[in-house]
Amino acid sequence: MNQPPPDSYASDPTWADLLPLPQDDGQHPLAQIAYTEEYTEAMSYLRAIMAKNEHSPRVLQVTAHIIEMNPAHYTIWLYRAKTLLALSAAGEVQLGCELEFLNDLALRHQKNYQIWNHRQTVVEAIAAAAPAEQEQLVREEKGFMNSMFERDEKNYHVWSYRQWLVRRFKAWDGELSFVAALLERDVRNNSAWNHRFFVVFGGMDAQRGPEEGEREEEGEVVEREVRFIEDAVFIAPQNASSWNYLRGVLKKAHRPLSSVESMCLVYAPLDEPDKITSSHALDLLADIYTEKTEEHGKAVKALELLAAKFDPIRANYWNYRVGLIKAAA
Amino acid sequence: MSTPAPPTLQKPKHIKYWLRCLRTCLPSDYTSTDLNRLTLGFFCIAALDLLGCLHTETTEEDRAGWINWIYKNQLPIGGFRGSPATDLGKGADGSEWDPPIVPASFFALAALVSLGDNLERVKKRELLELLPKVQREDGSFGEWLGGDGQIIGGSDMRFVYCAVAIRWILRGREGKGVVEGVKDINVEGVVRFIRSAESYEHGISDKAFGEAHAGLTYCAIGALALLGRLHPTSDGLSTHANILRWLTSRQVPSQAQDELRDEEYESQITNGTEQEITAGAAITYGADGRPLWAGFNGRCNKKTDTCYSFWVCGSLDMMKKLHLVDFSGNRRFLLEKTQHFIGGFAKLPVPGTPPDILHSFMGLASLALMREEGLNRLDPTLCISMQAKERLMSMDWWRDAAV
């Protein structure tokens, strides 16, 4: 579909009719870049063809060529998308091939963000053209994301795309076990924890009718999540991700922080500071004890332990919290 | 353990670095930023402004030339293109493929103000009219307006910040001045969108259920500050206490915990990585028990990176809580771990990483927030020097409009 780039646009018959449009950088330019000759020439032809607003197969050739050199060229992606959709409607290209092109690019340009935006457009178009094959499409998309995650399990764009895909195609099945497997491999993968929150609570919201209240089984879900967290904390007490997730679950379930006091005390026995294994448990205890005036002494003790020994980088912050408690007294 | 001599900002080298960026071609590695030339230009200008030498190391003629160049990238329909690379020539003015770009328009205005321009030639009405057109129903903003009126670009906190900053610069804090009769953006929509993007960790993400991210958090807090909605009672955040915990938690020893087991992590924090031990630069603690080097990460359990020293400190400064971070750790992280010997800052505290424009600016900006000697003060909200901001606020049209 993407013809390989010509050695030179100027001497290629496909491009002979176009007058290249050179870049006018003007006087006193800022941030001038030493472009390669290859980029300079391809861009001149891109400008020329964009000025004509042409949507022909050779647009795919020049856009693929430039994207390879500069995948963050934002207008080019939209131009390419419009051309693709026009050609696909005319039966001249298969949109499936575009996904292969994107797979290859995404693997090599991990930090690029436009690729994923474009991918949404293409996947929407494929799904609209063949509704019966959506399940297969979603399966393949998830499969490709797995190869992205093999390179970087915390790629923000891929996670963001995955949320879109799951929501768009109601593809919630299998997500919980997928994320559990990732956490088993690395319990500190905060992106995976975040996705778990999305799957459990976003999924719950999405599958519940707008008028429907809390379902009975939702209490069980919260219990399951708390058990999952307990296991994760046992493996790595000093892992902020699981403690943050715990706070998130409790808030979502409208449960008080004090409901996990005994768990916190396991990792942060205030009376035996030598046995404290988690600064996050101390932090949570401080919040629990701050809520009750008669326990403010314990809250201050936890915060002072954090400032002095267990998290001294944030000494200023912990002391500030002590100050808030004392000001409230 | 003894504490090494205090680090210093190599000011002459930074000045040289930025003048080189301004006066010579950037290497072809910058091709992937070709469409963001106005943004890069802003960083170069603003960096020299922070270093206090924009008006001594460059001539009147230089600055007038750059100002004209920025205006050359203003479109007849208002707003700025991101780069001359999309300029399709006279016949194609207004083509859908050479549109005004929201972030580029913000950076153009910020660069113009930093250069001492009075924004007289800015097509203010047209640019302000663009803003509600690129705002979506959910309150978020796109990057530009497509040919058929479609809003283009992902739902992204960066565009929210840039759009709100353009509005503040052109309309003033109250949002009612400069250009009478122009339709305003939906402010409540912006606040609602930001609130929906606050994650369970209480940082801000790209959208509901996204992962909390310090760069996006800076954009959200900046937007709220510019809208006058960043105060503890009626703002777009759940509570300040929640977000303060998340922001301060971003500061970590320079070798952050990432894919390590607890024992390995603890051993590295205490003794340094193998690489560092070999290099004789084991992580050590100062007399107060704090790690000597402590930069910031952008997400929980990620590594430190120069730019987050700005995104996090800038967010905290807007909330008037910058004093809660460990200044010394951040300063030493920047000056000893990422400051480059040729000037500028590298992204990562890894030997051999070259400096780049974005991180070189962010490193300076973070130091400026902490009042580093030899740097001008930075306004955390607009990301320009205090002097530049005051110049804007004292322009006739701005003063008249803002009342």
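**Figure 1. Contacts across the sequence of chain B in the predicted model.** In this predicted model, residues 24 or more positions apart account for 66% of the contacts in chain B with a separation of 6 or more. The secondary structure of chain B consists of 17 helices and six strands. Of its 403 residues, 57% count as buried.

**Figure 2. Helix α8 of chain B and its buried side.** Helix α8(B) runs over residues 187–196. Which of its residues are buried? Val190(B), Val191(B), Phe193(B) and Ile194(B) are buried. These residues lie on the same side of α8(B), because they cover an arc of only 160 degrees around the axis.

**Figure 3. Ala223(B) and its contacts.** Neighbours within four places in sequence are left aside in this view.

**Figure 4. The nonpolar cores.** The largest nonpolar core has 144 residues. The residues with the most contacts inside this core are Cys44(B), Ala110(B), Val160(B), Ala163(B) and Ala223(B). Which helix gives the largest share of this core? Helix α7(B) does, with twelve residues. Another core, of 43 residues, lies apart from the largest one. Its members include Leu183(A), Ala232(A) and Ala286(A) from chain A, and Cys300(B) from chain B.

**Figure 5. The contact between chain A and chain B.** How many residues does each chain bring to the contact? Chain B brings 61 residues and chain A brings 57 residues. On the side of chain B that touches chain A, helices α2 (37–50) and α4 (60–72) of chain B each supply at least two residues. Helix α4(B) gives the most to this side, with five residues. The residues on this side of chain B divide into 22 nonpolar, 24 polar and 15 charged.

**Figure 6. The overall form of chain A.** Chain A has 15 helices and zero strands. Its radius of gyration is 27 Å, whereas a compact globule of 329 residues would have one near 20 Å. Taken along the principal axes, the C-alpha atoms of chain A fill a box of roughly 85 × 55 × 35 Å. Buried residues make up 39% of the 329 residues in this chain. Among contacts in chain A between residues at least 6 apart in sequence, 56% join residues at least 24 apart.

**Figure 7. The domains of chain A.** Chain A is divided into domain 1 (1–93), domain 2 (172–255) and domain 3 (259–329). How far apart are the centres of domain 1 and domain 3 of chain A? Taken over C-alpha atoms, these centres are separated by 60 Å.

**Figure 8. Val226(A) in helix α10 of chain A.** Val226(A) lies in helix α10(A), which spans residues 217–235. Val226(A) has 17 other C-beta atoms within 10 Å, so it is partly exposed; a buried residue would need 20 or more. Val226(A) and Val249(A) are 23 residues apart in sequence. In space they are 7.8 Å apart, C-alpha to C-alpha.

Conventions. Residues are numbered from 1 along each chain as its sequence is written. Chains are lettered from A and ligands numbered from 1 in the order in which they are written. This is a predicted model: local features need pLDDT of at least 70, side-chain atom pairs count only at pLDDT 80 or more; totals for chains, interfaces and linings use all residues. A residue is buried if 20 or more other C-beta atoms lie within 10 Å of its own, exposed if 12 or fewer, and partly exposed in between; C-beta atoms are placed from the backbone. Helices (H or I, at least four residues) and strands (E, at least two) are DSSP runs, numbered from the N terminus. The arc is that of the directions from the helix axis to the C-beta atoms. The radius of gyration is taken over C-alpha atoms; the globule rule is 2.2 Å times the number of residues to the power 0.38. Two residues are in contact if their C-beta atoms, placed from the backbone, lie within 7 Å. Domain bounds come from an automatic or database domain assignment. Ala, Val, Leu, Ile, Met, Phe, Trp, Tyr, Cys and Pro count as nonpolar, Asp, Glu, Lys and Arg as charged, and the others, Gly among them, as polar. A nonpolar core is a set of buried Ala, Val, Leu, Ile, Met, Phe, Trp, Tyr and Cys residues joined through C-beta atoms within 7 Å.
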